[in-house]
Amino acid sequence: MSASDSPPPIPPGQRVYAIGDVHGRPDLLREMHAEIARHHAGSATAQVTVVHLGDLVDRGPDSAGAVAAAMAGPPVAGAHQLTLMGNHERMMLDAVRGGDVDMAALWMQNGGDAALESWGVPRRARVQDWHTLIPRAVLDWMEALPLSYRVGETLFVHAGIRPGVPLEKQSAHDMLWIREPFLSWSDPLPVRVVHGHTPARAPEIRPHRIGIDTGAVLGGRLTCAVLEGSTVAFIQV
């Protein structure tokens, strides 16, 4: 099969809106949801999916609000909406539900203190009590987040995948944390990968990947990739 005969990365009749790392900025996420609704208004696309690529929490001022915005209904009526697990959600769960002091320290080093504050957890609360001070519904929702989501020939994942490893054998650690050799990989991969995790000044489009973490909490912008057929466009707020 020649390249021209290959199926498009997103099957016909489908559109995917993929949103990059939010990191405690529900104001930007709500604005992005509104922009997605405006973008889709009047469209005849039959099937719409909205994917948050993980890292809703930590660093920014309102992780609780960002999670609430992601847990709410999709911005497009009838759309399928989901959130993927990011490495920051994984750190939060390991610290809060595990009650492990070392994991808690790692989380604090990566912005977990801001997340705790957003849920009203007192600074002097014991690590072992954190799970009682954050709503169980939030922790249960977070625990159930998938690591990846595939549409046609496109894979959505927080950080990326390890080249040379079959998709079904990818490790959770790589999908949550990998940077190299994934970012600089120049050979083909079995799917096109849409990811966040590694901030850049602008969206990155490479033959094997599309990176859309544009540092929303670092003074950058929140980016959404709009994927339909073989086309890619971006919405930024």
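So, are W107 and W130 buried or exposed? W107 is buried, and W130 is too; buried means under 20% relative accessible area with a 1.4 Å probe, protein chains only.

Quick housekeeping. This is a predicted model, where local features need pLDDT of at least 70 and side-chain atom pairs count only at pLDDT 80 or more, while totals for chains, interfaces and linings use all residues. Residues are numbered from 1 along each chain as its sequence is written, and side-chain values use heavy atoms, leaving out hydrogens and water.

Searching the whole structure turns up 1 aromatic pair, meaning ring centres within 6.5 Å, with the six-membered ring used for Trp. That's W107 with W130, edge-to-face (planes over 60 degrees apart), at 5.7 Å centre to centre and 70° between the planes. W107 sits in helix α4 and W130 in helix α6, residues 130–133, so to speak 23 residues apart. Helices here are DSSP runs of H or I, at least four residues, and strands are E runs of at least two, numbered from the N terminus.

Now, α4 (residues 101–109) also packs against α3 (residues 87–96), at about 145° with axes 8 Å apart. Those axes are lines fitted to C-alpha atoms over the stretch in contact, and angles run from 0 to 180 degrees between N-to-C directions. W107 turns up again here, among the α4 residues that meet α3, along with M103, A104 and L106. Contact means heavy atoms within 4.5 Å.

Last stop: T198, in the loop between β6 (192–195) and β7 (204–205). T198 counts as buried because its relative accessibility is 17%.

Key
Buried means under 20% relative accessible area, exposed over 50%, partly exposed in between (1.4 Å probe, protein chains only). Rings of Phe, Tyr and Trp (its six-membered ring) pair if their centres lie within 6.5 Å; planes under 30 degrees apart count as stacked, over 60 as edge-to-face and the rest as tilted.
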